[in-house]
Amino acid sequence: MMNANISDIKAIETKLANTQFILKQLDIYENTKGIYNSREKQMVNSNKQESAIRLYKIAVKALKQANIKPSKQIKHELHRKVQALKNQREQLYEKHKECKKVQKQDQIIEQNLMQLLESVKKVAVEKER
């Protein structure tokens, strides 16, 4: 139960990280699209403009690899997906905490039983003498 819970948490965190990465690439795409499109009109390239163009190209490449066409609808869907994954992650963390608490209680019960059995054995050995 506990191992399955941990693997579920890791899977959710991976999905969340990937979704957040795509969302960040969408933001970069939107923020640098104007600079990229205006570079043909302006021959003067500042370092800031060159940096924005590189970021734009990287964002386009990442979005192509993820098979995502930039749009407001996709961005809103990704925001909803991120929120749902965060909620799911929080639920799994709560479940994990509860499992750890139960596991700790079980360990205490096991220790108490072992101590009780040892004392019963000692009493039985003393009676035999």
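## Core and aromatic pair of a predicted model

Leaving aside its neighbours within four places in sequence, I22 is in contact (heavy atoms within 4.5 Å) with L63, A66, I68 and L78. This is a predicted model, in which local features need pLDDT of at least 70 and side-chain atom pairs count only at pLDDT 80 or more, whereas totals for chains, interfaces and linings use all residues. Residues are numbered from 1 along each chain as its sequence is written, and side-chain values use heavy atoms, with hydrogens and water left out.

I22, Y29, L63 and L78 have the most contacts inside the largest nonpolar core, which has 18 residues; such a core is a set of buried Ala, Val, Leu, Ile, Met, Phe, Trp, Tyr and Cys residues joined through side-chain atoms within 4.5 Å, where buried means under 20% relative accessible area with a 1.4 Å probe, protein chains only. Two or more residues of this core come from each of α1, α2 and α3 (72-128), and the largest share, 9 residues, from α1. Helices here are DSSP runs of H or I with at least four residues, numbered from the N terminus.

The structure holds 1 aromatic pair, tabulated below.

| Pair | Centre to centre | Angle between planes |
|---|---|---|
| Y29 and Y56 | 5.3 Å | 20° |

The pair is stacked, as ring centres of Phe, Tyr and Trp (its six-membered ring) must lie within 6.5 Å to pair and planes under 30 degrees apart count as stacked. Y29 lies in α1 (residues 2-38) and Y56 in α2 (residues 47-65), so the pair ties together parts that are 27 residues apart in sequence. Both Y29 and Y56 are buried.

Technical notes. Rings of Phe, Tyr and Trp (its six-membered ring) pair if their centres lie within 6.5 Å; planes under 30 degrees apart count as stacked, over 60 as edge-to-face and the rest as tilted. Buried means under 20% relative accessible area, exposed over 50%, partly exposed in between (1.4 Å probe, protein chains only).
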